[in-house]
Structures are given as structure tokens and as C-alpha cells.
Amino acid sequence: MDKLKYEYILVRFGELSTKGKNKNDFIKRLAVNMQRALKDYPDLRFERTRDHIYIHLNGTDPDEIAPILQKVFGLRSFAKTIKAENNEEAILEASRQLMKGKEGTFKVITRRANKNFPIHSDEMNRKVASAILHEYGPGLKVDVHEPDYPVIVEIRNDATYLMAETVLGLGGYPVGAGGKALLMLSGGIDSPIAGYLTMKRGVEIECIHYASMPYTSQEALNKVKELARIISRYQGRIKLHIVPFTQTQLEIYRNCDEQYAITIMRRMMYRIAQQISEKNGCLAIVNGESIGQVASQTLESMSVINKVVDIPVIRPVVTYDKLEIIDLAQKIGTYETSILPYEDCCTIFTPKNPVTRPHINKVINQEERFDWQPLIEKAVEDTETMMIYPTTSFETEEVREDIL
């Protein structure tokens with residue numbers, strides 16, 4: 001049996017329908033993001049309307065590009081579509097083509113946007129259902145409550161579009177519509193999820209990672225690069241800033257009480273992150289902190305740590321429990337990489353009894369014991385930046401270092 005040749009993919013928007021006067025800007029951004037995601041398919045053509053985006057396939061296999069579209073934020077759903085002329089005979093023939101080879105139950109849903117079309121929606125539902133049943137019964141039956149195939153017939157001004165298999169997208173907003181933020185990317189489970197959720201709200205992310213060579217290994221760094229590669233699939237590419245943090249950490253542990261080391265280390269990380277943010281046009285810092293998980297993630301600790309920056313700090317998973325975070329990590333494909341046994345700078349230097357309720361005056365007193373400002377400036381100056389793509393390989397170190 002010949003495979004049905006679909007002509008289009010019809011894309012429906014998610015929350016974009018609520019954006020009012022800004023809606024057109026969001027649709028443009030979504031179209032650009034889809035084009036970037038599908039850049040390896042040059043035959044595709046994109047057509048924007050107020051309510052949909054049509055992807056003209058021009059012979060491209062829709063099943064091949066569907067998994068890519070499922071990783072583009074801003075899509076509520078999409079469906080393989082065939083096009084028919086605006087007359088009854090053409091629509092019925094298209095509906096028969098659409099359901100050829102399928103078995104199960106179906107329901108016809110006609111949407112008559114073209115009010116000049118002479119057949120009303122209910123009558124069109126009956127006509128299409130009858131044509132399908134006459135051609136393919138008893139393999140197909142009508143079920144108006146939970147059909148296997150909702151057969152959607154959209155009668156528009158230019159033509160009629162028919163589809164029967166709708167695929168849910170990720171929803172949210174198109175990445176880039178909400179500005180840019182800097183994600184503090186460790187090698188753990190939480191921070192990649194924080195990045196994913198930030199992108200879902202339309203915010204493009206760059207990543208910053210603090211490396212403490214030789215106390216942390218090259219394998220640990222490659223693990224972070226791989227996490228960046230996995231989440232880059234949701235925005236096409238990700239800029240990763242690798243900060244040499246060893247000397248700063250050593251000075252903290254030489255000069256400060258051990259119980260305050262984590263608090264002061266985090267404050268230094270925030271100071272560096274703000275400077276990297278300002279250099280790269282990032283408007284906020286993002287991290288994977290969740291209340292109560294570790295000593296630096298109590299409200300008291302967060303308050304003391306936050307005081308060193310004056311840009312917003314976004315914590316998308318702050319109220320999630322660990323099982324919720326793990327479920328999402330498994331869903332997006334970061335979990336297996338996150339649990340690889342390579343320690344990062346936070347776990348290597350963890351004290352036995354870190355303070356959980358630090359007092360700001362005591363923290364400032366600790367920091368006054370050493371000259372940390374040159375350390376911060378040196379770490380920022382020596383930061384290595386690379387661009388990571390979904391196709392980047394770290395076994396061969398094929399990382400493009402075209403710093404933008």
C-alpha cells in the first residue's frame with residue numbers, strides 16, 4: 001500500500017493566543033525557531049497566518065521532522081495535513097485518502113472558518129463520516145467520545161485542510177521571546193531542569209560552569225558539556241562559559257571557617273555570574289536550587305547569597321521535590337548523564353558541617369579575611385567560552401569555539 005503523501009504540517013500555537021498586541025512578534029519568533037531547528041531540510045517552506053503556521057513539506061517526510069518539532073517551545077500541537085479544494089467532492093475524496101489503511105474509531109470535527117461555504121459544520125461532519133464508513137467499514141467505526149482518530153476538517157477561505165493525527169507539542173513560549181538569562185550549570189540533576197523550564201517560558205539561556213581542575217576531572221567537564229548539548233536541542237545551540245574556579249576555592253578554604261565555605265563559595269559564584277551576565281546581555285541568573293535540599297538552599301542561605309548581586313535570580317525548581325525533578329530529567333533525557341559519578345567543584349569541597357542559617361555580618365567578616373576581588377576578576381578574565389550544538393561530539397572534542 002502506497003504511503004499517503006502529506007502536503008503540509010499545520011502548527012497550532014500554545015499560550016501565544018493570549019498575547020494580544022504582541023502576538024505577531026511571538027509568532028515570528030516561533031517561525032524563526034522552527035526554521036532553525038529544521039535547517040537541515042531545505043525544501044521546507046513556512047507560511048504564517050494569524051492562527052497557524054503551515055509548513056509546506058515539498059516532498060519531505062513529515063515523520064522524520066516530527067521529533068524535531070516536538071522540541072520547539074511555543075507549539076501547542078501539530079498535525080500532518082492534506083489540502084483539498086473548497087468543494088464537497090474534493091473534501092470527501094481527501095477524507096477517504098486521509099483514512100486509508102487506518103483501523104479503529106474516528107470522529108469528524110468540521111471547523112467552518114469560511115462562512116461562505118454552503119455546507120454547515122454538522123452536515124459536513126455527517127457527509128465526511130458517511131464517505132469514510134462507506135469506503136472502509138467495518139475496519140473503521142464512529143466514536144464521538146474517545147476516538148482513535150479525530151478527523152479535523154478545516155474549511156478556510158483559500159482551501160480545506162484535513163488531518164487525523166495530532167501530536168502534542170511542548171507549549172510555552174518561543175525561546176528568545178522573553179530575553180536571555182545565564183544558567184549556573186553543574187553536573188547534577190537539578191540545573192539542567194532549571195534551564196529547560198526557563199526556556200519553556202521563552203527565555204534563551206547561556207550556561208556558566210565552575211571548574212576546579214585538577215580537583216575535578218576532564219570527565220566531569222565533559223559531563224557538563226554533554227548536559228549542555230542535550231538541553232541545546234530546545235533552542236538550537238547554547239553558549240557555555242567555563243570558569244577556572246580552583247584558586248578562588250582554595251583561598252576560601254585557606255582563610256575562612258570551614259562551616260562558612262559553601263556560603264562564601266556561592267557568593268563568589270554569583271559575583272562571577274553577574275559579571276559574565278553583563279558582558280553577554282543576560283538579564284538574570286538561573287539556578288537549580290530547591291528549598292531545603294542542601295545547606296546552601298535554605299531561605300536564610302539564599303538570602304545571604306543573593307545580596308552580592310543586583311540582577312534577578314530565577315529558581316524554576318525551587319518548590320519541586322527530588323522525585324518530580326528526576327521524573328522531568330528522565331523525560332528530557334538528562335538524567336542518565338547527570339548521575340554519572342564525576343564530581344563537580346561543589347561536591348569536591350563540601351564541608352562536614354556547613355552552616356544552614358548564616359548571618360550576613362559573620363559572612364562579611366569571613367570575606368574580609370582575604371582579598372577576593374582580584375580572584376574574581378582573574379576568573380572572569382580567564383573564562384573559556386564555547387558554542388555547543390545538538391550535534392556536538394565530546395569524544396572527539398568537535399566543539400565549535402565561534403564565540404558570539
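Student: Hi! Which residue stands opposite Ala84 in β8?

Tutor: That is Thr160. Keep in mind that we are looking at a predicted model.

Student: Okay. How do β4 and β8 pair, parallel or antiparallel?

Tutor: Antiparallel, over three bridges, with strand β8 covering residues 160–163.

Student: What does a strand use to pair in a sheet, anyway?

Tutor: Strands of a sheet pair through backbone hydrogen bonds, and they can do it in a parallel or an antiparallel way.

Student: Which other strands does β4 pair with?

Tutor: Strand β1 (residues 8–13) runs antiparallel to β4, and six bridges join the two. Within that pairing, Phe13 stands opposite Leu75 of β4. Strand β9 (residues 166–168) also pairs with β4 in the antiparallel sense, over three bridges. There, Ala79 has Thr166 as its bridge partner.

Student: How many of the residues in β4 are buried?

Tutor: Eight of its 10 residues, which makes β4 mostly covered. Take Thr81, which has its place in this strand. Thr81 has a relative accessible area of 0%, so it counts as buried.

Student: What is Thr81 in contact with, leaving aside its neighbours within four places in sequence?

Tutor: Its contacts then include Tyr6, Tyr8 and Ile9, as well as Tyr161 and Met163.

Student: New topic: the open sheet of six strands. What order are they in?

Tutor: The order is β14-β13-β10-β11-β12-β15, and the pairing is mixed. At the edges you find β14 (313–314) and β15 (384–388), each of which pairs on one side only.

Student: How do β10 and β11 pair, parallel or antiparallel?

Tutor: Those two are parallel, with five bridges between strand β10 (residues 180–184) and strand β11 (residues 204–211). As an example, Ala181 has Ile205 of β11 opposite it.

Student: And which helix packs on the sheet, touching β10, β11 and β13?

Tutor: Helix α5, residues 190–200, and its direction makes about 170° with that of β10. There is also helix α6 (residues 218–232), lying across β10, β11, β12 (238–244) and β15. Helix α6 runs at about 160° to β12.

Student: Now charges. How many salt bridges does the count come to?

Tutor: The count comes to 22. Side chains of opposite charge can pair when their charged atoms come close.

Student: Which residue forms a salt bridge with Lys180?

Tutor: Glu206 does, and the closest N and O atoms are 2.9 Å apart. This pair links distant parts of the chain, as Glu206 is in strand β11 and Lys180 is in strand β10, 26 residues apart.

Student: Are Glu206 and Lys180 buried or exposed?

Tutor: Both Glu206 and Lys180 are buried. For another pair, look at Asp40 and Lys39, whose side chains meet in a salt bridge at 3.7 Å, N to O. Asp40 and Lys39 are both exposed.

Student: What does Arg357 form a salt bridge with?

Tutor: With Glu300, where the closest N and O atoms are 3.6 Å apart. Arg357 lies in the loop between α12 (345–348) and α13 (360–367), while Glu300 lies in helix α9 (residues 299–306), so the pair ties together parts that are 57 residues apart in sequence.

Student: Which residues are linked in a network of salt bridges?

Tutor: Arg12, Arg111, Glu154 and Arg156.

Student: Let's go to the largest nonpolar core. Which residues touch the most other members?

Tutor: Met34, Met99, Phe106 and Val151, out of 43 residues in that core. If you leave aside neighbours within four places in sequence, Met34 is in contact with residues including Val11, Phe46, Ile53 and Leu75.

Student: Last one: how many residues does helix α8 have, and how far does it reach?

Tutor: Helix α8 (residues 261–280) has 20 residues and reaches 29 Å from its first C-alpha to its last, close to the 28 Å expected. It is mostly covered, with 17 of its 20 residues buried.

Student: What follows α8?

Tutor: Gly281 does, and its phi is positive, near 75°.

Conventions:
Residues are numbered from 1 along each chain as its sequence is written. This is a predicted model: local features need pLDDT of at least 70, side-chain atom pairs count only at pLDDT 80 or more; totals for chains, interfaces and linings use all residues. Side-chain values use heavy atoms; hydrogens and water are left out. Two strands pair if DSSP finds at least two bridges between them. Helices (H or I, at least four residues) and strands (E, at least two) are DSSP runs, numbered from the N terminus. Contact means heavy atoms within 4.5 Å. Axes are lines fitted to C-alpha atoms, for helices over the stretch in contact, and angles run from 0 to 180 degrees between N-to-C directions. A salt bridge is a side-chain nitrogen of Lys or Arg within 4 Å of a carboxyl oxygen of Asp or Glu. Buried means under 20% relative accessible area, exposed over 50%, partly exposed in between (1.4 Å probe, protein chains only). A nonpolar core is a set of buried Ala, Val, Leu, Ile, Met, Phe, Trp, Tyr and Cys residues joined through side-chain atoms within 4.5 Å. The expected span of a helix is 1.5 Å times one less than its number of residues.
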